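Colleague: Before I rely on this model, I would like to go through its packing, its domains and its confidence with you, one question at a time.

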Amino acid sequence: MSRIELKHIDKFYGDNHVLRDINLVIEDGDFMTLLGPSGCGKTTTLRVVSGLEKPQGGVMTIDGVEMINADLAYYAEPSKRGLNLVFQSYALWPHMTVRENIAFGLKIQKLPKEEINRRIQDALRMMRIEEYVDRYPNELSGGQQQRVAIARAVASNPKLLLLDEPLSNLDARLRVDMRSELQRIHKELGTTIIYVTHDQVEALTMSTKIALFKKGELSQVAPPMELYMNPIDLEAADFIGNPRINFLAGKAEKKDGKLFVKCELDSYVFPEEDFTGETIPEGEFDCVVAIRPEQVQIFEEPGEDRIPVTVYANQPAGSETLVSLKRGESEFLSKQIGLAHYDLDQQVYVSVAPEKINVYNAETTRLIKRAH
Amino acid sequence: MTRLKNQFLGVVKNPFNLVVMISLIVLFCLIVIPLLQMIAATFTVAKGELRRIPGAKVGDFTLYYWKYLVAGQMSKATLWGPLKNSLICGFFTVLVSVPLGSVLGWLVARTDIPGKKLLGMLVVIPYMIPSWCKSLAWLAVFRNKTSGSLGFLEGMGLHIPDWLAYGPVAIVLCMSLHYYAFSYIHVQSALRSINSELEEMGEICGATKPQILKSITIPLVLPSVLSAVVMTLSKSIGTYGVAANLGNRIGYFTLATKMKNFINGSPQNVGFAMSIILIALAALIIFANQRLIGVRKSYATIGGKGGRSTEMRLGKAKAPLMVFLVVFLFFAMVMPMFVLVMETFQINTGAGYALKNLTLYNWIGSSEELAPYYTSYKGIFYNSEFGKSVFNTVRLTLIASVITALCGQFLGYITTRGRGKWYGNLTEQLVFIPYLMSGIAFSTMYVAMFSKPHLGGLIPSLYGTFTLIVLTSVVKHFPFASRSGTANMMQIAVELEEAAEINGAGFGKKLTRIVLPLAKNGFISGFMLTFISIAKELDLIIIMMDKRTTTMSYLAFTYSQDGMNQMADAISVCVLLFILVCYIIANKFGADIGKSW
C-alpha cells in the first residue's frame, strides 16, 4: 500500500517532449487509470513510475521516500521501489514453467523455499490457474498467460501494482471476465494499482480515479463518473463516452450572474452555482452545448418543454436504439434503452434536462457549465 | 555535485555500459586502426624500397607506392589491366548469375513447379561448395595440355581451347555457379514476403499477367535484385581462389590475384594500395546501391503480413522449365562433382574410367614403387602434410567460430538494445566495415597491421602465427555473426528483460537466466553457419599461410597449382564432406544456409 506523488515530471526522447510537467498524486489504495489515445504518454508515465525510464525533470516519491530526483540524477532501481509490473505482452519467460516464472523474483529476494511455494500457491489460487503450474507459457492460451503474468506480479507482494494495457490482447469476452477479476484483486489485496489503457470502458468500470492524458500532458484527474459527467474540455468530452457526445454550436452571454445560452435545439438559462470557475468572456460569445445521447428523450406527442425535431436515421441494436435527429442544421444523436422504431423524416419531440447539459467556451474549448 | 556523482554512478554501476565501452574499444582496435594503418603504410617508405627512393629514410612520407601503382611504367600491367579484368569478370558474373538466380527463385517461390522442396534444397547446395572447389571441378572437366595433365573432356578426345579452360570465361562461369545463390535467396524470400493479394488486386483492375509482372511484381522485388547485384559484384571482384586457379596458369590476372603477388613479393606497400582500391571499389558499389534504392529497400517486407500466396500455374511451360532445371543441376552440380570425385581415383587424368586407369593411390597410396609415377608424395591419408592440414582446419574453425559466434551474440545484443542510440548505431557501422572488404583485402590489412610489434611489444608481431589467422577469421566474420546475433536478440523482447529487472535481477542474472537460455538455439545455428563459412575459407587466409599453418583448403590450392590434380581433388572432396556434415548438423539446429554470407 502506498501513496505515489509525481511532481513536475518531464521526459524527452531526443527532441521529442513526451511528458510535459506531469503532476499526479495517487492515494493509498487507489485504482488509478491512466487513460488516453495512443502516443499520449500514459505508458511512458507508467514506465517512469516503474523505473524503466528515467525522466529528465521532476521528482517522484513513494510513501514520502524519494525515488526519482532528476535534478540530482537520482533514480532508484526498479526492484528497490516495491512495485511490480504486468506488461502488455505479458513478458512471460518462455523457457521457464509457470512455477519458475513466478519463483524467479522470489528467489532473487532469497525468500525461504516454503515461503516461495506458499506464495506461488496463493497467487495461482487467486488467479484460478493452479492446474497449470508446470506448463510452459506457449502451452497456455492468451487468457491463461494473462493470469500467469498477473500472478507473477502479485506474488512478490508489491505495494504498488502497475498494469500496462493488460487486456488489449484478449478477446472481447475474456476482457469482460478479466475486468471483474482485476476489480476483485484490487479489493482483496488492497494494493495501489496504476492501470494504463486506451479503452474508456475499462477505465470507467474499474477505476477509483482516472487521469486523462493528452499529448504528453495531464488534462484531467477525476473519479470516473465525474470525468464522464463533466469532461474538462471539448477533446476530453469527445474522447469519453460511446456513442459520442453531441456537440451543438451556440451563443452564450453572462447577464445578472446567469448564463444565457442559445442553440438550434433550444435556449437555456443556467444558474451561477453550475459555473466551473473558468473565466467567462464579456458580452456574447461562441459556445458549444454538449449533450450525452442518453440524455435526449424522445416523445411521439408534443408537450411542455418538448421540442419538435425530425428523425434522420434509426439504428436499432437490440438492447438499445440510436436515433439520429435533426433540427435546423444541427444533427444529434439520441440513445434509447430497448427497441424503438421511428420512420425516417418522422416528426418527434425531444426533451433534455438542462442540469445534464455541459457548456464549453468554443474559443478556449474549456468547460464553463457543469452537469450534475 | 550530487548530481554529477549520481550521474557518474548511474553510468558506472550499470555493467551494460561497461560492456558497450569495451566492445567499442575492441572494435576500434580491430577494425578502424588496422584500416588506418594500412592506408598510412601506403604513404610511408619501407625498408625494401630504400634504394629506389633516393635520400629517403624508412618511415618518411612518400607517394612512391601510389605513383608506382597508378602512373608508373608498369601500371598498365599492375593496375589497369587487372582492374579491367576484375571489372569484366564481375560484370559478366552479374549478367549470368543474377538472371539465373532470380528465375530459379521465382520458380521455387511462386510457381507450381513439381518437387519444390527438394528443388529448394538442391539449388543452394552449390553455394555450400566453396568456390575454389568449383574451380578445381572446372579444371577436372576442362583442363587441357597447357597445364600438363588432361581433363575429362580433353580425355574424351575433344579439343578444349585455352580460352575456355582458363581465363575470364572459366572464371565468370565458375563464379556465376557460386554466386547465383545470392540472387536466388534474395529474390525467393522477397517474393515469399510479397502478399499475392497485391498481384490479385492488379488482376482485378484488369491487368494482364505480363502487365502485372512488369508493373507490380518486378518493381516490388527490384530492390532485392539490386542488392543481389551489388553483393555479387563486390564479392566477385574481390574473389581470389577462383581467379588464381583459373587465371594464373595463363597469366590472366585480376586485381585480387595481382595484389597477392605484391604482398608476398615486393614492394609490399603497392599490394596494400591495391587492397585499398579493392575496398574503395566495394564500398562505392554498396553505397551507390544504398543511394539508388534507399528507402525503397523496405518494400519487400511490407506485405509480410498475411502472406497468402497463390501459385502461378506454369501450364505448357512446365515441361521445358523442368528440363532446364534438370540440365542446370546436372551441369552445375552433378557432372563437375562426379568428375572431381572420379579424378581422385584416376592414374592419368583425362584417360577415362577404365579399370586399369583407376587406383586408390591418391587416397591411401604408400607403396614406394608407385610413388615415382605421380609425385613424391604418399596418398593423402598417409601424407603427414594432409594430417597436419586437417588438424589445422579443425583447430582453426573450432576456435575461430566459437569466438566469432560469442562475439556475434554480444555485438547483436548491443546493437539491438542500443537501437537508435549512438552506441548501437556506431557498433552496427563498425561491424559492417569488414563486410566491405573481400577476404584477401581484409587479410592484407591484418598482415600490414601485425607484421611488426605494437605498443612497445605489448602486442607482439603476429606475422605467420596461428593466432593471427584466428584473429583475422574472427573479425572478418563479425558482420555475419553479429547479424545473426542481432536477429537472435531481436526475438527476445525487451520486456522479458525488463520483467526480470523489476523482479530484482541484476545485469549478470538477467544475462545468464533470461537472455542466454533464450538465445541458445539461435547461438548454435549462428555458430554452425560461421563454422561452415570458416571451414571453406581460402581467400581470407591464403596470404598468411605457411608450412606450419596450412589448412585443407590451402593445401588443395597449392597441390593444384603444383599440378598434383588428383591429390588436390581428393582434399577438396574431404573439405566438401566436412562441410556437408557440418551443414546437416547445422540444419538440425534450425540453421538457414540462406543467411550464411
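Colleague: Which helices do the buried residues of H23(B) pack against?
Modeller: This is a predicted model, and in it H23(B) is mostly covered, with 11 of its 13 residues buried. The buried set includes Phe478(B), Phe480(B), Arg483(B) and Met489(B). The partners of these buried residues in chain B are helix H19 (384-417), helix H20 (422-436), helix H22 (466-476) and H25.

Colleague: How far apart are the end C-alpha atoms of helix H23 of chain B, and what should its 13 residues span?
Modeller: Helix H23 of chain B runs over residues 478-490, and at 1.5 Å a residue its 13 residues should span 18 Å.

Colleague: Which helix gives the largest share of the side of chain B that touches chain A?
Modeller: The contact between the chains involves 20 residues of chain B and 22 residues of chain A. On the side of chain B, the elements that give two or more residues are helix H1 (2-12), helix H24 (494-502) and helix H25 (507-535). By class, that side has 9 nonpolar, 6 polar and 5 charged residues. Its largest share, 7 residues, comes from H24(B).

Colleague: Which helix gives the most to the side of domain 1 of chain B that touches domain 2 of chain B?
Modeller: The domain assignment of chain B gives domain 1 (63-326) and domain 2 (386-597), and 23 Å separate their C-alpha centres. The contact takes 32 residues from domain 1 of chain B and 30 residues from domain 2 of chain B, and the domain 1 side divides into 21 nonpolar, 10 polar and 1 charged. Helices H5 (116-128), H6 (131-142), H12 (241-247), H13 (255-264) and H14 (268-293) of chain B are the elements that give two or more residues to that side. The one that gives the most, with 8 residues, is H14(B).

Colleague: How far apart do the C-alpha centres of the two domains of chain A lie?
Modeller: Chain A is divided into domain 1 (4-229) and domain 2 (239-369). Its C-alpha atoms fill a box of roughly 75 × 50 × 35 Å along the principal axes, and the chain holds 8 helices and 22 strands. Between the C-alpha centres of its two domains the distance is 38 Å.

Colleague: Is Gly338(A) buried or exposed?
Modeller: Gly338(A) sits in the loop between strand E19 (330-337) and strand E20 (347-351) of chain A. Because Gly338(A) has 9 other C-beta atoms within 10 Å, Gly338(A) is exposed.

Colleague: Where in chain B is confidence lowest?
Modeller: Chain B averages a pLDDT of 81, and 92% of its residues score at least 70. Over residues 295-308 of chain B the pLDDT is below 50, although this stretch has 23 contacts in the model beyond near neighbours in sequence. Where pLDDT is low, the predicted coordinates should not be read in detail. In chain B the lowest confidence, at a mean of 40, is in helix H15 (residues 299-302).

Notes
Residues numbered from 1 in each chain as written. Chains lettered and ligands numbered in written order. Predicted model: local features only at pLDDT ≥ 70, side-chain atom pairs only at ≥ 80, totals over all residues. Domains from an automatic or database assignment. Helix = DSSP H or I, 4+ residues; strand = E, 2+ residues; numbered from the N terminus. Buried ≥ 20, exposed ≤ 12 C-beta atoms within 10 Å, placed from the backbone. Contact = placed C-beta atoms within 7 Å. Nonpolar A, V, L, I, M, F, W, Y, C, P; charged D, E, K, R; others polar. Expected span 1.5 Å × (residues − 1). pLDDT = per-residue confidence, 0-100.
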